Amino acid sequence: MRFRYSTTDPAQSEFDSLPRLPLILRYNNRTMEVVGLVDSGATINVLPYEVGVRLGAVWNDRRANLQLTGNLGKQAAMPLFVMAEIGDVTPLKLAFAWVKNDDVPVILGQTNFFMEFDICFSRSKLEFEITPKSP
């Protein structure tokens, strides 16, 4: 599946475009459409606090034991497994670091998004392609 790089604001130019992927998240019989940043430099998938709450997840400080790095290094995070639908691909379980912060995007990183898909970036064409991993 091919996708165009996109911006978050119509006032932005193509130079501000990033590889963003529309997907549907499912948890506790709730669904939510989100756009995730496909980030090959991110070690793990990240889910903002409000998205988890809207999906019906309950924050538990005792489970908030994930150690994040980089810009999110001081954020409390707990593991949250969510089903994801991307196009016509069979829904799959994604492991997120659910962060108690709303100032972060949905991030699709190495664990486990890049473990489930092969991704080819064509920045000069402002597009990227994802292919489910081979069985």
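Mentor: Rings of Phe, Tyr and Trp form an aromatic pair if their centres lie within 6.5 Å, and planes over 60 degrees apart count as edge-to-face. Please keep in mind that this is a predicted model.

Trainee: How many aromatic pairs does the structure hold?

Mentor: A pair of aromatic rings is described by the distance of the centres and the angle of the planes. The number of aromatic pairs in the structure is eight.

Trainee: What kind of pair do the rings of Y5 and F128 form?

Mentor: The ring centres of Y5 and F128 are 6.0 Å apart, which lies within the 6.5 Å limit. Their planes stand at 75°, and an angle over 60 degrees has its own name, so the pair is edge-to-face.

Trainee: How many residues apart in sequence are the parts that this pair ties together?

Mentor: Y5 lies in the loop between β1 (2-4) and β2, whereas F128 belongs to strand β9. Both Y5 and F128 are buried. The pair therefore ties together parts whose separation in sequence, in residues, is 123.

Trainee: Which residues form one aromatic cluster with Y5 and F128?

Mentor: The cluster holds Y5 and F128.

Trainee: What kind of pair do W59 and W98 form, and where do they lie?

Mentor: W59 is in the loop between α1 (49-54) and β5, and W98 is in strand β6, 39 residues apart. Both are buried. Their ring centres are 5.1 Å apart and their planes are at 70°, so the pair is edge-to-face.

Trainee: Is A77 buried or exposed?

Mentor: A77 is placed in strand β5, and its contacts beyond four places in sequence include W59 and W98. Buried means under 20% relative accessible area. The relative accessibility of A77 is 0%, so A77 counts as buried.

Trainee: Which residues are the closest to the centre of the largest pocket?

Mentor: About 400 Å³ of space lies in this pocket. Its lining has eight nonpolar, six polar and two charged residues. Of the 16 lining residues, the closest to the centre are A42, V46, T69, L72 and I107.

Terms used:
Residues are numbered from 1 along each chain as its sequence is written. This is a predicted model: local features need pLDDT of at least 70, side-chain atom pairs count only at pLDDT 80 or more; totals for chains, interfaces and linings use all residues. Side-chain values use heavy atoms; hydrogens and water are left out. On a 1 Å grid over the protein atoms alone, a cavity is a set of points where a 1.4 Å probe fits but cannot get out, and a pocket is an open set with protein on both sides within 12 Å along at least five of seven lines; lining residues have an atom within 4 Å of a point. Grid points are joined across faces, edges and corners, and a volume is the space filled by probe spheres set on the points. Ala, Val, Leu, Ile, Met, Phe, Trp, Tyr, Cys and Pro count as nonpolar, Asp, Glu, Lys and Arg as charged, and the others, Gly among them, as polar. Rings of Phe, Tyr and Trp (its six-membered ring) pair if their centres lie within 6.5 Å; planes under 30 degrees apart count as stacked, over 60 as edge-to-face and the rest as tilted. Helices (H or I, at least four residues) and strands (E, at least two) are DSSP runs, numbered from the N terminus. Buried means under 20% relative accessible area, exposed over 50%, partly exposed in between (1.4 Å probe, protein chains only). Contact means heavy atoms within 4.5 Å.
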